[in-house]
Amino acid sequence: MTLEGYLTLSLMLFCIGVFAVLSQRNLIAVLIGVELMMNAASLNVMAFNRFSVTDPTTGQIFVLIIIGLAAAEVAIFLSIIVNLYRTRRTIDAEQLTELQG
Amino acid sequence: MLEQAVIYLFAALVLSGGLMAAWTRHILYAIIGLGISLFGVAGLFLYLGSPFLAAMQLLIYIGGITVAIVFAMMLSIAMTVTPPERNRAKTVFAAVCTAAFGLGVFQLVRAARFPAVSPAPEEAWSVGAIGHALLTHYNLVFETLSVVLLLAIMGAILIARPQRKAAS
């Protein structure tokens with residue numbers, strides 16, 4: 001597969017993630033959409049790293065850092081979800097409207 | 001020939017898993033779709049020349065993050081809760097916005113010209129090269145990431161802990 005093929009694939013994955021974030025009502029499903037978007041980004045970086053960069057170390061370290069930050073983000077997000085469920089008894093994004101302007 | 005077929009198989013796994021995760025209303029299906037999609041991305045990493053990152057993807061994403069999401073699902077909502085109906089107008093709006101964004105970026109991808117370089121030699125892709133770069137040139141990033149992970153763990157514990165009464 002060519003570089004354009006990989007870019008198109010990761011673009012499609014990113015769009016799927018955006019759609020999940022915009023349309024899902026469950027906060028965990030929103031988190032899953034964010035994860036899909038992050039994976040699209042790392043797939044993109046790896047494709048550039050393979051096809052149009054002379055030193056392949058930088059891109060791999062970049063993706064490694066993306067994976068590490070995703071782990072940190074998921075830990076925080078899940079603890080917020082657990083706390084929300086404990087205090088509000090819901091994780092439906094349509095019902096958590098206290099911060100709505 | 002076979003290699004191309006396997007690459008397209010992994011690409012199909014990525015897209016089908018993502019669609020499954022994005023469309024379903026059952027949270028367990030969404031988690032399994034995420035796992036399928038992540039597995040496909042790991043396979044593509046393999047064919048993009050980095051077995052190390054494919055292994056990390058399997059270990060951290062599928063072995064760690066997906067399991068953590070299952071754990072949170074079991075702590076928060078019971079699997080028996082009927083998922084809420086989608087709001088049809090919002091779904092259509094989300095699809096339109098996503099399609100517009102996707103088409104715009106697709107035009108960008110088609111219009112852009114990327115310089116093609118010859119692939120790096122085999123030893124530049126080794127795990128040893130990554131480790132050497134992490135401990136020399138990217139040492140600061142490496143250490144910062146470890147501090148960020150430590151802070152995230154502490155913050156997660158602090159947030160998820162039951163609220164105690166304020167000290168009088």
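What share of the contacts in chain A with a separation of 6 or more is accounted for by residues 24 or more positions apart? Such residues account for 49% of these contacts, two residues being in contact if their C-beta atoms, placed from the backbone, lie within 7 Å. The model is predicted, so local features need pLDDT of at least 70 and side-chain atom pairs count only at pLDDT 80 or more, while totals for chains, interfaces and linings use all residues. Residues are numbered from 1 along each chain as its sequence is written, and chains are lettered from A and ligands numbered from 1 in the order in which they are written.

Chain A holds 3 helices and 0 strands, in the order α-α-α from the N terminus; helices (H or I, at least four residues) and strands (E, at least two) are DSSP runs, numbered from the N terminus. With a radius of gyration of 17 Å, well over the 13 Å that the globule rule gives for 101 residues, chain A is more spread out than a compact globule. This radius is taken over C-alpha atoms, and the rule is 2.2 Å times the number of residues to the power 0.38. Along the principal axes, the C-alpha atoms of chain A fill a box of roughly 50 × 25 × 25 Å.

Chain A also meets chain B: 61 residues of chain A are in contact with 71 residues of chain B. On the side of chain B that touches chain A, α3(B) gives the most, with 13 residues. By class, that side has 58 nonpolar, 11 polar and 2 charged residues. Here Ala, Val, Leu, Ile, Met, Phe, Trp, Tyr, Cys and Pro count as nonpolar, Asp, Glu, Lys and Arg as charged, and the others, Gly among them, as polar.
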